[in-house]
Amino acid sequence: MEASPDDPKLLLLLGVTKDLAGSHLEGQAYYRAGLVRAPGDPALTVNLALSLALSGNYPSAISVLQPLAMSTAGTAQERQTLALIYGLNGNTAEAARIGRIDLDDASVEQNLAYYQSLRGLSPEARSQAILSGSSARSSS
């Protein structure tokens, strides 16, 4: 079966490819196109939020991901991605609050230290660190 250019999974993969290449605005366009075709798709939503955060647009990243992550259907991965975005934005209190929903205090403290170290990196190095370690970058 051949994939259609309007297939949300194909649009997700194209968006991830653009993000990995550092073309976050192009990646965001693919995620948004996918969300038009599959509104509320968790993988598209998480990847759009991460891409927005990588391009420094933390308020939009939070507004995209928060409804999904904090819903009754939200997963631990989605909540921890939201905590990461809050941490990257320097809001450690909110990052810790959300982190504690799924993690013990020691893990939350370790994550907060990681977010602090990420904030000290150049935007390019920060993107590389997040994208190379992100399990959210999937089509599941």
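Trainee: Which helices do the buried residues of α5 pack against?

Mentor: They pack against α3 (42-54), α4 (58-69), α6 (92-102), α7 (105-119) and α8 (123-133). Contact means heavy atoms within 4.5 Å. Buried means under 20% relative accessible area, exposed is over 50%, and partly exposed lies in between (1.4 Å probe, protein chains only). Helices (H or I, at least four residues) and strands (E, at least two) are DSSP runs, numbered from the N terminus.

Trainee: What kind of model is this, and how are residues numbered?

Mentor: This is a predicted model, where local features need pLDDT of at least 70, side-chain atom pairs count only at pLDDT 80 or more, and totals for chains, interfaces and linings use all residues. Residues are numbered from 1 along each chain as its sequence is written, and side-chain values use heavy atoms, with hydrogens and water left out.

Trainee: Back to α5. How many of its residues are buried?

Mentor: Eleven of its 13 residues are buried, so the helix is mostly covered. Among them are Glu78, Arg79, Leu82, Ile85 and Tyr86.

Trainee: And how far does α5 reach?

Mentor: Helix α5 covers residues 76-88 and reaches 18 Å from its first C-alpha to its last. That is close to the 18 Å expected at 1.5 Å a residue. The expected span is 1.5 Å times one less than the number of residues.

Trainee: What follows α5?

Mentor: Gly90 does, and its phi is positive, near 90 degrees.

Trainee: What does Leu82 touch?

Mentor: Leave aside its neighbours within four places in sequence. Leu82 is then in contact with Ile62, Leu65, Gln66, Ala69, Met70 and Ile98.

Trainee: Which residues touch the most other members of the largest nonpolar core?

Mentor: Leu65, Leu82, Leu84, Ile85 and Ile130 do, in a core of 35 residues. The elements that give two or more residues to this core are α1 (8-20), α2 (24-37), α3, α4, α5, α6, α7 and α8. The largest share, nine residues, comes from α3. A nonpolar core is a set of buried Ala, Val, Leu, Ile, Met, Phe, Trp, Tyr and Cys residues joined through side-chain atoms within 4.5 Å.

Trainee: What tends to happen to nonpolar side chains in general?

Mentor: In soluble globular proteins, they tend to be buried together.

Trainee: New topic: α1. Which of its residues are buried?

Mentor: Leu11, Leu12, Gly15, Val16 and Asp19 are. Seen down the axis of α1, they fall within an arc of 140 degrees, so they line one face of the helix. The arc is that of the directions from the helix axis to the C-beta atoms.

Trainee: What covers that face?

Mentor: What covers the buried residues of α1 includes α2, α3 and α8.

Trainee: Which residue caps the N-terminal end of α1?

Mentor: Asp7 does. One of its side-chain oxygens lies 2.8 Å from the backbone nitrogen of Lys9.

Trainee: Is Leu20 buried or exposed?

Mentor: Leu20 lies in α1 and counts as exposed, because its relative accessibility is 54%. Leu20 and Gln128 are 108 residues apart in sequence, and their C-alpha atoms are 7.8 Å apart in space.

Trainee: Which residues of α2 are buried?

Mentor: His24, Gly27, Gln28, Tyr31, Gly34 and Leu35 are. They fall within an arc of 120 degrees, so they line one face of α2. On the other side, Leu25 and Val36 are exposed. The buried residues of α2 pack against α1, α3 and α8.

Trainee: Where is Ala38?

Mentor: Ala38 sits in the loop between α2 and α3. It is buried, with a relative accessible area of 18%. Apart from its neighbours within four places in sequence, Ala38 is in contact with Pro8 and Leu44.

Trainee: Last one. How many helices and strands are there?

Mentor: There are eight helices and zero strands in the protein. Its radius of gyration is 15 Å, close to the 14 Å that the globule rule gives for 140 residues, so it is as compact as a globular protein of that length. That radius is taken over C-alpha atoms, and the rule is 2.2 Å times the number of residues to the power 0.38. Of the 140 residues, 41% count as buried.

Key:
Polar contact = N/O pair within 3.5 Å; in protein donor to acceptor, adjacent residues only side chain to side chain.
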